[in-house]
Amino acid sequence: MKRPLQYSLLGLIVLGAGGYGCLTASAKEAQEDQADRKIELTVYTLDFAQVSETRTVDLIDGTTKIGLANVSHNLDQSSVIYDWPDGSDAQVTSTTYDLGAQSGESLLEQLVGRKVTLVYHGDNGREAARQEGILEVAESGSTVVRVGDTLVVNPYATIETQAGEVATMPRLTAAVQSGKHDNLPLSFSYMTRGLSWAADYVMVLEGESADLECWATVTNHTGIDYPAA
C-alpha cells in the first residue's frame, strides 16, 4: 500500500530559535535494518487491523535500547507483543511508544533539561560561533539556554542536538537484555486503527449461469506504508 513520498533525513536535529534558521528534523535508528522488514496485515472491519512485523536487530552483551520507527500513528500501545522467531533467550524488559514531535515547539519541549548547541551565524550566512549549554525553558516565544553561569534568553541562533536524543517520528522503543552480542530477527505485533477494507461485487447473468467478480479495496490512514505486505 502506498502513500505520498516520505523523506528520511539523517544527522543532527536543527531548530531555529529567536526567529533565526529553520527546522530540519531527523531520526537515526542504527540498531534495525529497515530493508529487512517482513510485514503481515490482518485487516478487520470497523477500521481495525493487526500488524505483524519481523526486523533484524543488533544486540550487545547487556541491555540494548532498540528504536523501531515506521510504526502506525494509531498504534494501541497496550497490544504490543514481542517474540524471537529463532528461539533466542533475549528478553524485552520494557517497551514504550512515543508519538514523536508534532511541531518545532513540541520538539524543543522534549529537549528541556538536555545539552544543546547554539550556532550563531554572521551577516554572510556563515557559521560564526558555537556555545554549548542546557535548554531550560522552551515555551511559545520564549527560549532560555544556560551557558555556564549565564542564562541566554531567546538566542538569535540555531539550536542543535544529536539525533536520537528525542523521537521526531512515532516509534516503539524496547529495552532488550541479552547475554551476548548477536544479530537476530525480532518479531512484534500490534493492533491499530486506520486500516479498513471494502468489497464491491458485479454479477453477470447469462441464461442459467452467473459470472461473479469481486474487487477488494484496502484504505490506509495509519500514516505509514506497509511495503510488500
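A residue is called buried when its relative accessible area is under 20%, exposed when that value is over 50%, and partly exposed in between, with a 1.4 Å probe and protein chains only. By this criterion, buried residues make up 36% of the 229 residues in the protein chain. The structure is a predicted model, in which local features need pLDDT of at least 70 and side-chain atom pairs count only at pLDDT 80 or more, whereas totals for chains, interfaces and linings use all residues. Residues are numbered from 1 along each chain as its sequence is written, and side-chain values use heavy atoms, with hydrogens and water left out.

**Confidence**

The pLDDT, the predictor's confidence in each residue on a scale from 0 to 100, has a mean of 80 over the protein chain, and 79% of the residues reach 70 or more. Over residues 1–33 pLDDT stays under 50, although the model has 93 contacts beyond four places in sequence for them, a contact being heavy atoms within 4.5 Å. Where pLDDT is low, the predicted coordinates should not be read in detail.

**Fold and cores**

Among contacts between residues at least 6 apart in sequence, 68% join residues at least 24 apart.

A nonpolar core is a set of buried Ala, Val, Leu, Ile, Met, Phe, Trp, Tyr and Cys residues joined through side-chain atoms within 4.5 Å. The largest one has 24 residues, of which Leu59, Tyr82, Trp84, Leu172 and Tyr190 touch the most other members.

**Surface and a buried strand residue**

Tyr201, Met203, Leu205 and Leu212 form a nonpolar surface patch with about 490 Å² of accessible area together; patch members have over 30% relative accessible area and no salt bridge, and nonpolar side chains (Val, Leu, Ile, Met, Phe, Trp, Tyr) are joined within 5 Å. A salt bridge places a side-chain nitrogen of Lys or Arg within 4 Å of a carboxyl oxygen of Asp or Glu. Leu205, found in strand β14, is exposed, with a relative accessible area of 63%. By contrast, Thr158 in strand β11 (residues 158–162) counts as buried at 5% relative accessibility.

Conventions:
Patches are made of residues with over 30% relative accessible area and no salt bridge: like charges are joined within 9 Å, nonpolar side chains (Val, Leu, Ile, Met, Phe, Trp, Tyr) within 5 Å. Accessible areas come from the Shrake-Rupley method with a 1.4 Å probe; for residues, only the protein chains shown count as cover. Helices (H or I, at least four residues) and strands (E, at least two) are DSSP runs, numbered from the N terminus.
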